[in-house]
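Thanks for coming. I have one structure to go through today, so let me put it on the screen.

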Amino acid sequence: GVLPQVRELWLSGGSRPSSCDPLFEAARDQGVIGEQEIWERLLLAFDQGATGLMSYLADMQSGADATAGEWLGRLHWDPERLRELPEGIGDERREQLLSAALRRLAYTDTVRARELFEQESANLGLKDPALRERAAERIAWYSTIRGIEENRQWLDGWLANNGSADTLDQRARRSVIEQRWDELPDWVARLPAAARDDSRWQYWLGRAAEENGDDEAARAHWGRAAGQRNFYGFLAAERLGQAPVFSNASPATDDSAPTQPGLARVALLREIDEPQLAWDEWNWMLWHSSEGQRRKLAQHALQQGWYDLVVQASIQARAWNVLAWRFPAAHRDLFVNAARRHDLDPWLSMAVARRESAFYPHARSPVGAQGLMQLMPGTARKVARDAGQTPPDARQVMDPDINVALGTRYLAELLERFNGNRVLALAAYNAGPHRVDDWLAEEEDAVPADVWIESIPFYETREYVQAVLTYRVLFQGLHGNREELVLLRPDERGTPYSLAMMD
């Protein structure tokens with residue numbers, strides 16, 4: 001039966017759809033979900049901060065576990081109460097509660113979490129090595145990403161023998177942010193081989209070598225990075241005065257047209273303006289095709305001008321090097337005309353659209369951003385009003401003409417606000433201009449452009465800025481003037497980043 005699989009479905013730190021409830025009830029009746037499973041899910045919910053789910057699960061408990069569940073709820077709101085755990089909970093539950101409380105305290109007060117872990121946790125009963133390591137790992141993580149100097153000695157001592165690849169990566173990144181070039185190579189050396197060889201760390205090892213006075217080593221590291229088609233590969237190529245490496249492969253399909261009957265339905269659905277149905281039909285067809293058929297479908301979509309579908313087909317075909325499919329000059333006239341009105345680089349706005357929506361005009365994000373360049377409805381209305389236009393309704397925001405015109409105007413406004421600096425404008429497009437102001441204000445001393453980009457606090461925004469600038473180079477190189485490919489302009493690369501940039 002399905003009941004053994006229900007346990008896997010049950011063990012989630014987030015809520016499940018109400019349609020799962022009959023399954024869970026049956027599993028509880030059959031003993032597949034018992035006290036242990038309820039407790040395990042409570043711990044998962046605790047780590048996700050899902051307080052509503054915690055209350056729901058606590059009501060299912062009885063006996064000593066009910067007491068442990070109540071304490072888990074208390075520790076979420078006040079993790080320092082870990083010193084007050086009562087007798088009678090049992091050693092196993094006590095240790096789990098202590099570890100959970102320290103993980104929570106790592107988030108709310110990282111210095112205090114480190115102090116309690118070092119000075120009191122063993123005496124309080126936290127002795128299980130795996131649970132101790134889980135608590136220490138969280139303390140190390142927040143100590144690293146928050147740059148807590150007070151915890152640095154403990155952190156570096158602990159990381160000498162422990163630490164996940166993610167935490168070690170953040171510790172190496174912390175050396176970049178603080179420009180401690182002498183210590184960076186030691187931290188990079190502790191990363192897994194695949195990470196060390198990646199363009200990102202080869203680039204930063206080159207920067208460290210340069211700052212430490214070893215130009216030959218710097219060029220060797222940058223040479224290894226420059227062979228890779230990504231932000232740090234392109235940045236390394238610029239350091240060496242070389243052209244970026246595209247590694248572009250030809251589509252390499254035979255000339256015969258794809259024969260799937262679904263193609264006619266996709267064409268018809270697009271013609272009658274049913275893009276979501278066409279998208280669903282296309283994906284179903286891709287899932288039921290061989291890799292060779294997917295490649296034919298990608299080439300067919302490119303020839304038809306189905307830009308969102310060709311990008312999707314390139315992913316399903318795993319055709320990472322067929323750049324004609326991954327980066328088609330989608331809606332080129334639309335972007336060129338909109339950009340011309342604002343004296344804007346059309347490849348930049350096209351790169352934004354590629355990152356935001358992969359050219360799917362009816363894309364909608366979980367927070368409500370819409371269309372090719374993923375405009376929030378409020379932003380679209382404000383930009384339209386500022387331009388003296390009637391604010392668009394929800395349907396109009398999905399119209400590529402309207403969406404690209406408003407998105408390009410908004411990008412131009414951000415560029416004007418940030419003195420033409422594309423790094424700052426793109427960060428603002430993703431995270432909001434006020435956050436970028438805050439990040440600039442946090443720099444006590446001005447920092448180089450590459451360091452500022454690596455130090456953007458939001459992972460998503462950091463990746464976004466890097467991706468859009470990289471995509472822009474790819475679009476220009478594939479469809480425009482290959483002679484003038486620039487990832488970062490001299491003014492963007494040469495100006496130290498701080499709030500003084502805005503004066």
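Leaving aside neighbours within four places in sequence, Trp282 is in contact with Leu263, Val266, Leu297, Ala301, Trp306, Leu309, Gln312 and Ala313. Keep in mind that what you see is a predicted model.

Where does Trp282 belong? It sits in the largest nonpolar core, which has 153 residues. Trp282 and Trp452 are the ones with the most contacts inside that core. Which helix gives the most to this core? That is helix 30, with nine residues.

Let me stay with helix 30, which covers residues 459-479. Helix 30 packs with helix 23, residues 346-357, and the two axes are 8 Å apart. The angle between the two is about 125 degrees.

From helix 23 they are Trp347, Leu348, Met350, Ala351, Val352, Arg354, Arg355 and Glu356. From helix 30 they are Glu463, Tyr464, Ala467, Val468, Tyr471, Arg472, Phe475, Gln476 and His479. Sorted by class, the contact of helix 23 with helix 30 has 10 nonpolar, two polar and five charged residues.

Is Arg112 buried or exposed? Its relative accessible area is 18%, and the limit for buried is under 20%, so Arg112 counts as buried. What is Arg112 in contact with, once neighbours within four places in sequence are left out? The list is Glu80, Arg83, Leu105 and Glu120.

Last item, backbone angles. Most residues other than glycine have a negative phi. Here are two residues with a positive value.

Gln179 has a phi near 55 degrees, and it is not a glycine. You will find Gln179 in the loop between helix 11 (165-177) and helix 12 (184-189). Its relative accessible area is 29%, so Gln179 is partly exposed.

Asn419 is the other one I picked, with a positive phi of about 55 degrees, again in a residue that is not a glycine. Asn419 lies in the loop between helix 26 (400-417) and helix 27 (422-431). With a relative accessible area of 48%, Asn419 is partly exposed; exposed would need over 50%.

That is what I had.

Notes:
Residues are numbered from 1 along each chain as its sequence is written. This is a predicted model: local features need pLDDT of at least 70, side-chain atom pairs count only at pLDDT 80 or more; totals for chains, interfaces and linings use all residues. Side-chain values use heavy atoms; hydrogens and water are left out. Buried means under 20% relative accessible area, exposed over 50%, partly exposed in between (1.4 Å probe, protein chains only). Contact means heavy atoms within 4.5 Å. Axes are lines fitted to C-alpha atoms, for helices over the stretch in contact, and angles run from 0 to 180 degrees between N-to-C directions. Helices (H or I, at least four residues) and strands (E, at least two) are DSSP runs, numbered from the N terminus. Ala, Val, Leu, Ile, Met, Phe, Trp, Tyr, Cys and Pro count as nonpolar, Asp, Glu, Lys and Arg as charged, and the others, Gly among them, as polar. A nonpolar core is a set of buried Ala, Val, Leu, Ile, Met, Phe, Trp, Tyr and Cys residues joined through side-chain atoms within 4.5 Å.
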